[in-house]
Amino acid sequence: MGHTQTEAIGPQTGDVLITNLHLTAFKVCTLIQADLMILGILYGNRNIWLSLSIEIFASMAQTDPTPAGPWKITIYDQENFQGKHVDFTSSCKNIMECGIDNIRSLKVECGAWVGYEHSSFCGQQFILERGDYPRWEAWSGSNAYHIERLMSFRPICCANQKESKIIVFERENFIGRQWEMNDDYPSLQAMGWPNNEIGSMQVKSGAWVCYQYPGFRGYQYILECDRHGGEYKHYREWGSHAHTFQVQSLRRVQQ
């Protein structure tokens, strides 16, 4: 049997007691390192020069600031929502810092998220929209690549399915034939796109998931209007796992 206690994790907090100066515990909202030079402090009836180096660590795993929003995700270290589980309302850069070696199931209760194969938001990307994901196939897809690791994730702040617009270009650096889209396309070639590649993209609003193959299969690339200024000049900007211009279907991210 795994743990049943839920640990709620929101924006970073840390309780630090600096005993040498008899300061009370206080909370901080991020990882801070401060070097303080305090001159002429009266301490124990002696005038001394104190060089104080304070390193404050957030006690939780989230290390990237995330704007407040309606996001909530629960991760489990076993399949079918078993074992230890932890609630998050903002980004997690490395789930191992929460005492979990891998995410094997999860529930998205609010908002849209993107999960990553590796820590620090690297590796393959997986779109996580509202719903239950009992096993890795639920987020990677039965026809996608066999990746059972999910080590970091973050909310998609700009997701807006009703108002999403993207412009795709035939060549990199926004050159060549272009299409403006505001709907889901399970097959770009079936709609008249000349080949199975896209050179560059501009996300005007919302967030999009681009797929390597028709039918929303293969590698996933999550493109957002509030990252890179919404401009993706080359496939290298789609994600650390991108290695080809091949994109044959795309859709809007659902909130």
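Modeller: The residue to begin with is Asp-87, which lies in strand β7, residues 82–88; strands here are DSSP runs of E with at least two residues, and helices are runs of H or I with at least four, both numbered from the N terminus. This is a predicted model, in which local features need pLDDT of at least 70 and side-chain atom pairs count only at pLDDT 80 or more, while totals for chains, interfaces and linings use all residues. Residues are numbered from 1 along each chain as its sequence is written, and side-chain values use heavy atoms, with hydrogens and water left out.

Asp-87 is buried yet has no salt bridge, and the nearest side chain of opposite charge, that of Lys-72, is 4.2 Å away. Buried means under 20% relative accessible area, exposed over 50% and partly exposed in between, with a 1.4 Å probe and protein chains only. A salt bridge needs a side-chain nitrogen of Lys or Arg within 4 Å of a carboxyl oxygen of Asp or Glu; Lys and Arg count as positive, Asp and Glu as negative, and His and the chain ends are not counted. What the side chain of Asp-87 does make is a polar contact with the side chain of Thr-74, at 2.6 Å. Such a contact is a pair of N or O atoms within 3.5 Å; within protein, one must be able to donate a hydrogen and the other to accept it, and residues adjacent in sequence count only if both atoms are side-chain atoms.

In the loop between β6 (72–78) and β7 sits Glu-79, which counts as partly exposed because its relative accessibility is 30%. The C-alpha atoms of Glu-79 and Ser-105 are separated by 5.0 Å, although these residues are 26 apart along the chain.

For "domain: Beta/gamma crystallin 'Greek key'", the unreviewed UniProt entry lists residues 71–110, among other ranges; UniProt positions are given in the numbering used here, feature names are shortened, and annotations may be inferred rather than shown by experiment. Over residues 71–110 the chain is 0% helix and 50% strand, and the end C-alpha atoms are 5 Å apart.

Another of the ranges in that record is 164–205. Five bridges join β13 (residues 165–171) to β15 (residues 200–205), and these strands run antiparallel; two strands pair if DSSP finds at least two bridges between them. Ile-167 stands opposite Gln-202 in β15, and its bridge partner in β14 is Glu-180.
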